[in-house]
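Dear colleague,

Please find below the structure that I am handing over to you. My findings follow after it.

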Amino acid sequence: MIDRKTLIALIAAIGVSLPLAACGGGGADVKSEVKTTTTGQELTDLKKALDSGAITQEEYERERKKILSR
């Protein structure tokens with residue numbers, strides 16, 4: 001038979017360990033995005049791409065609207 005002190009210690013240990021067992025994260029896929037350029041820099045880069053012929057006028061307008069809508 002378990003004495004009272006041991007039983008209380010066992011119950012306390014279980015009470016502490018059960019909530020911690022759920023802290024494993026569950027394998028959730030967490031993604032974050034870090035933006036290091038400003039909107040102005042994005043627009044400048046986009047204009048350079050247009051001027052160099054890397055993108056068409058239509059592509060420029062579409063991407064410009066996307067940048068400005070953020």
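I begin with serine 69, which counts as exposed at 61% relative accessibility; in this message exposed means over 50% relative accessible area, buried under 20%, and partly exposed in between, with a 1.4 Å probe and protein chains only. Serine 69 lies in helix H3, and its side chain reaches the backbone oxygen of lysine 66 at 2.9 Å.

Please note that this is a predicted model, in which local features need pLDDT of at least 70 and side-chain atom pairs count only at pLDDT 80 or more, while totals for chains, interfaces and linings use all residues. Residues are numbered from 1 along each chain as its sequence is written, and side-chain values use heavy atoms, with hydrogens and water left out.

Overall architecture

The protein has three helices and zero strands, in the order α-α-α from the N terminus on. Helices (H or I, at least four residues) and strands (E, at least two) are DSSP runs, numbered from the N terminus. Of the 70 residues of the protein, 10% count as buried.

The packing of H2 and H3

Helix H2 covers residues 39-51 and helix H3 residues 57-69; they pack at an angle of about 175 degrees, with their axes 10 Å apart. Axes here are lines fitted to C-alpha atoms, for helices over the stretch in contact, and angles run from 0 to 180 degrees between N-to-C directions. H2 is therefore roughly antiparallel to H3, a term applied to angles over 145 degrees, with those under 35 counted as roughly parallel, 65 to 115 as roughly perpendicular and the rest as oblique.

On the H2 side, the contact (heavy atoms within 4.5 Å) is made by Thr39, Glu42, Leu43, Leu46, Lys47 and Leu50. H3 contributes Gln57, Tyr60, Glu63, Arg64, Ile67 and Leu68. These residues divide into six nonpolar, two polar and four charged, where Ala, Val, Leu, Ile, Met, Phe, Trp, Tyr, Cys and Pro count as nonpolar, Asp, Glu, Lys and Arg as charged, and the others, Gly among them, as polar.

Two C-alpha separations relate residues of this contact. Glutamine 57 and lysine 47, 10 residues apart along the chain, have C-alpha atoms separated by 9.7 Å. For glutamate 63 and glutamate 42, 21 residues apart along the chain, the C-alpha separation is 9.7 Å. Glutamine 57 is partly exposed at 40% relative accessibility, and glutamate 63 is partly exposed with a relative accessible area of 28%.

Not counting residues up to four places away in sequence, tyrosine 60 touches Leu46, Lys47, Leu50 and Ile55.

Glutamate 42

Glutamate 42, in helix H2, is buried, with a relative accessible area of 18%. Its side chain is joined to that of arginine 70 by a polar contact of 3.2 Å. A polar contact is a pair of N or O atoms within 3.5 Å; within protein, one must be able to donate a hydrogen and the other to accept it, and residues adjacent in sequence count only if both atoms are side-chain atoms. Leaving aside neighbours within four places in sequence, glutamate 42 is in contact with Lys35, Thr37, Ile67 and Arg70.

Yours sincerely
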